[in-house]
Amino acid sequence: MAGAVGTSMLGSLIVFTVILSLQEIYRGKLASSELFTILGGFTSSLLFLFSLTFIGNFQESSGIKSGWGAVILAEIIALIAASTVHRVCITTCFLFSAGLLYEVNKISGYMLSKTESKSKRY
């Protein structure tokens with residue numbers, strides 16, 4: 001299990017770095033129109049998702065309990081990245097991040113119940 005955590009942590013860090021780099025390279029284009037501003041908020045929410053994955057995996061590998069602190073830290077990181085593009089990106093990033101957090105929580109609950117049902121059978 002430790003290998004899967006390390007792989008996921010490294011993968012999320014690489015994808016986070018690539019998205020952040022591309023977002024900063026195309027900052028002017030993302031701020032040029034309303035639709036691109038919304039796209040900038042969405043890309044920042046992807047930064048939220050991958051930073052949350054990285055922080056959660058780091059906490060799990062360190063033996064620290066994950067909680068809302070990881071979510072808040074990942075959201076702050078994403079909002080700071082969104083603020084470098086356009087101020088409207090901050091709002092759209094927050095809204096997209098809330099939607100992503102809801103979906104991740106739903107998937108996590110499904111996977112946890114699936115795992116628990118397998119362990120109860122044996």
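Colleague: What relative accessibility does Phe 96 have?
Modeller: In this predicted model, local features need pLDDT of at least 70, side-chain atom pairs count only at pLDDT 80 or more, and totals for chains, interfaces and linings use all residues. Residues are numbered from 1 along each chain as its sequence is written, and side-chain values use heavy atoms, leaving out hydrogens and water. With a 1.4 Å probe and protein chains only, a residue is buried under 20% relative accessible area, exposed over 50%, and partly exposed in between. Phe 96 counts as partly exposed, because its relative accessibility is 32%.

Colleague: What share of the residues of the protein chain count as buried?
Modeller: Along its principal axes, the C-alpha trace of the protein chain spans about 60 × 25 × 20 Å. Of the 122 residues in the chain, the share that count as buried is 28%.

Colleague: How many aromatic pairs does the structure hold?
Modeller: Rings of Phe, Tyr and Trp (its six-membered ring) pair if their centres lie within 6.5 Å, and planes under 30 degrees apart count as stacked, over 60 as edge-to-face and the rest as tilted. By that criterion, the number of aromatic pairs in the structure is two.

Colleague: How many residues apart in sequence are the parts that the pair of Phe 42 and Phe 96 ties together?
Modeller: Phe 42 and Phe 96 are paired edge-to-face, with 5.3 Å from centre to centre and 80 degrees between the planes. Since Phe 42 lies in helix α3 (residues 34–62) and Phe 96 in helix α5 (residues 87–121), the parts tied together are apart in sequence by 54 residues.

Colleague: At what angle are the planes of Phe 54 and Phe 58?
Modeller: The ring centres of Phe 54 and Phe 58 are 6.5 Å apart, and the pair is stacked because its planes are at 15 degrees. Both residues lie in helix α3, four residues apart, about one turn of the helix. Phe 54 is partly exposed at a relative accessible area of 27%, and Phe 58 is also partly exposed, at 44%. To return to the angle of the planes, it is 15 degrees.

Colleague: Which residue has the nearest cysteine sulfur to Cys 89?
Modeller: A disulfide is a pair of cysteine sulfur atoms within 2.5 Å, and by this rule the count comes to zero. Cys 89 is in no disulfide, the nearest cysteine sulfur being 8.3 Å away. Cys 89 is buried, with a relative accessible area of 0%. The nearest cysteine sulfur belongs to Cys 93.

Colleague: Is Cys 93 buried or exposed?
Modeller: Cys 93 is in no disulfide either, as the sulfur of Cys 89 is its nearest cysteine sulfur, at 8.3 Å. With a relative accessible area of 0%, Cys 93 is buried.

Colleague: How far apart do the end C-alpha atoms of residues 35–56 lie?
Modeller: In an unreviewed entry, UniProt lists residues 6–23, 35–56 and 76–102 for "transmembrane region"; its positions are given in the numbering used here, feature names are shortened, and annotations may be inferred rather than shown by experiment. The span of residues 76–102 is 89% helix and 0% strand, and its end C-alpha atoms lie 17 Å apart. The span of residues 35–56 is 100% helix and 0% strand, and the distance between its end C-alpha atoms is 32 Å.

Colleague: What distance separates the C-alpha atoms of Ile 90 and Ser 44?
Modeller: Ile 90 has its place in helix α5, and with 29% relative accessibility it counts as partly exposed. Ile 90 and Ser 44 are 46 residues apart along the chain, and the separation of their C-alpha atoms is 8.3 Å.

Colleague: What distance separates the C-alpha atoms of Asn 105 and Gln 59?
Modeller: Asn 105 is found in helix α5, where its relative accessible area of 54% makes it exposed. Along the chain Asn 105 and Gln 59 are 46 residues apart, and their C-alpha atoms are separated by 17 Å.

How values were computed. Helices (H or I, at least four residues) and strands (E, at least two) are DSSP runs, numbered from the N terminus.
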